[in-house]
Amino acid sequence: MDPEVVKSDLVLILDFGSQYTHLITRRIRSLSVFSLCISGTSPLSAITSLNPRVVILSGGPHSVHTPDSPAFPAGFIEWALENRVHVLGICYGLQLIVQRLAGVVRVGEKQEYGRMEIEVEGNSGIYGNKRIGDRQEVWMSHGDEAVQLPEGFEVVAKSQQGAVAAVENREKRFYGLQYHPEVTHSPEGMDTLQYFLFNVCRVTAGWKMENISDEEIKVIRDTVGAEDHVICALSGGVDSTVAATLVHKAIGDRLHCVFVDNGLLRYKERERVMETFERDLHLPVTCIDASEQFLRELKGVVDPEVKRKIIGKEFIGIFDAFAHDLEQKLGKKPLYLVQGTLYPDVIESCPPPGSGRNHSHTIKSHHNVGGLPKDMKLKLIEPLKLLFKDEVRHLGRILNVPEAFLKRHPFPGPGLAVRVLGDVTEGNALEVLREVDEIFIQAIKDYGLYDLIWQAFAVFLPVKSVGVQGDQRTHSHVVSLRAVSSEDGMTADWYYFEEKFLRYVSLKICNSVRGVNRVTQDITSKPPSTIEWE
């Protein structure tokens with residue numbers, strides 16, 4: 001971020017590997033306060049050079065008792081005290097503060113995961129707008145707990161099981177929460193962060209989304225230069241569409257968009273997307289039919305990670321070939337590839353050391369992050385890689401992207417390959433899934449639910465079940481319906497459909513799609529599951 005476009009104090013997040021870390025950045029930005037996230041093990045000079053007003057220590061999957069567990073650099077506490085910097089530890093961050101200031105952290109007798117209730121136990125700075133005895137529901141995710149606090153610290157909230165939930169030392173300006181206020185499953189978490197920043201830390205607001213648009217356009221122009229051409233992988237989803245629009249605004253007709261039909265698209269997706277590109281966005285788009293190529297490479301593959309890597313490799317091969325053809329036409333070879341990668345993709349794929357997030361656990365490789373081949377010839381431009389889906393939609397509105405694009409549900413880069421569990425080329429799995437998914441999504445639209453749901457889709461299961469259709473025994477396919485509500489995709493709840501809707505969809509699918517005799521619904525939140533099945 002260019003300091004010249006920032007008009008607020010800086011809140012710096014030190015990342016110790018939590019899957020929710022960048023949500024903290026997101027939540028703080030939503031309060032119009034500028035925030036950045038860097039590795040928790042960055043040298044002290046990297047922290048002090050940014051001159052933060054507040055430092056937040058994130059959660060993480062580690063235990064402070066593990067010998068190689070990550071920690072802030074030597075001298076950090078002394079620097080924070082000397083410069084009157086407020087420090088807030090979240091989950092692992094709290095335990096780190098307690099341990100490094102000579103308190104005691106032990107493995108908890110009762111581990112706490114998921115929704116739990118906490119109660120304010122004392123007069124507090126961070127809970128200054130609460131009274132003793134006030135309760136709230138929060139999202140817990142920890143195995144260790146603080147059992148003895150450093151000198152000068154006090155417990156200001158406890159969980160329903162009696163564990164320490166919040167601590168503080170107002171004189172030293174050190175605070176800690178043993179839960180995640182940044183996730184939507186902590187309903188009052190944002191209130192707590194807001195009170196902490198504005199009433200305790202007295203930060204100045206002034207940062208806004210327009211800053212990202214202006215800055216990214218400047219970065220793109222500086223990166224690409226005045227003559228180079230750029231290829232954009234355009235899928236028709238929100239992310240790639242906003243990325244393409246942003247780059248097009250930066251470099252104009254030197255952007256060349258490519259839409260690849262990989263044989264893994266939804267029902268009539270190719271026709272619908274290309275028509276919308278031409279009618280609404282006026283972007284230069286070349287459509288390439290590579291369906292046979294992708295399906296040939298995926299034949300017999302059942303492992304989802306292998307699927308993603310194959311798809312990533314094939315995509316890059318197509319873009320390299322397209323770049324070669326452009327070179328013959330223009331006399332100058334494109335050097336860059338634009339992708340609509342978002343921060344949740346980066347988080348779940350766990351980038352390699354040097355990316356600033358080398359303490360995380362890999363959840364799955366996204367085809368446009370962890371699935372990319374090491375020898376790819378094009379250099380990546382990913383203008384949205386530090387943004388979440390809701391931020392991208394906001395940016396799209398600033399760029400005048402039509403609402404029809406911005407409201408589309410997310411669709412995975414590997415397409416239906418990760419929604420057919422097993423070999424996508426086996427039998428008529430893809431055809432069955434397309435028909436089922438179309439019925440499900442159209443019903444959601446007909447019932448006026450589409451804009452209320454973050455993401456909805458069908459999954460083809462690698463099992464068959466016995467049924468009775470037309471008074472005859474059948475042994476047919478099983479599908480599952482998945483719909484979730486979320487704000488950013490990092491956490492999600494399953495969407496509660498009324499019985500009338502589910503009955504209608506189930507009957508419609510079984511009566512309309514040949515080869516399906518059983519419909520199930522996925523009612524799992526994220527976590528413990530991910531939104532997609534693979």
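1. Axes are lines fitted to C-alpha atoms, for helices over the stretch in contact, and angles run from 0 to 180 degrees between N-to-C directions. On that basis, the axes of helix 14 (residues 429-446) and helix 15 (residues 499-512) come within 10 Å and cross at roughly 150°. Helices here are DSSP runs of H or I with at least four residues, strands are E runs of at least two, and both are numbered from the N terminus.

2. This is a predicted model: local features need pLDDT of at least 70, side-chain atom pairs count only at pLDDT 80 or more, and totals for chains, interfaces and linings use all residues. Residues are numbered from 1 along each chain as its sequence is written, and side-chain values use heavy atoms, with hydrogens and water left out.

3. Now compare helix 7 and helix 12. Their axes lie 10 Å apart, at an angle of about 40°. The pair is therefore oblique. Helix 7 contributes Val 238, Asp 239 and Val 242 to the contact. Helix 12 contributes Lys 389, Val 392, Arg 393, Leu 395 and Gly 396.

4. Look at Val 238 in helix 7 (residues 238-251). Is Val 238 buried or exposed? Val 238 counts as buried, because its relative accessibility is 4% (buried is under 20% relative accessible area, exposed over 50%, partly exposed in between; 1.4 Å probe, protein chains only). Leaving aside neighbours within four places in sequence, its contacts include Phe 405, Leu 406 and Arg 408.

5. Thr 241 also lies in helix 7. Its relative accessible area is 0%, so Thr 241 is buried. Not counting residues up to four places away in sequence, Thr 241 touches Leu 234, Gly 236, Phe 277, Leu 281, Val 401 and Phe 405.

6. The UniProt record, an unreviewed entry, annotates a "binding site" that includes Val 238 and Thr 241. UniProt positions are in the numbering used here, feature names are shortened, and annotations may be inferred rather than shown by experiment.

7. Finally, helix 6. Its buried residues include Ile 212, Ile 217 and Val 224. Among the elements they pack against are helix 1 (21-30), helix 7 and helix 12 (389-398). Just after helix 6, Gly 225 takes a positive phi of about 85°.

Definitions and conventions. Contact means heavy atoms within 4.5 Å. Angles under 35 degrees count as roughly parallel, over 145 as roughly antiparallel, 65 to 115 as roughly perpendicular and the rest as oblique.
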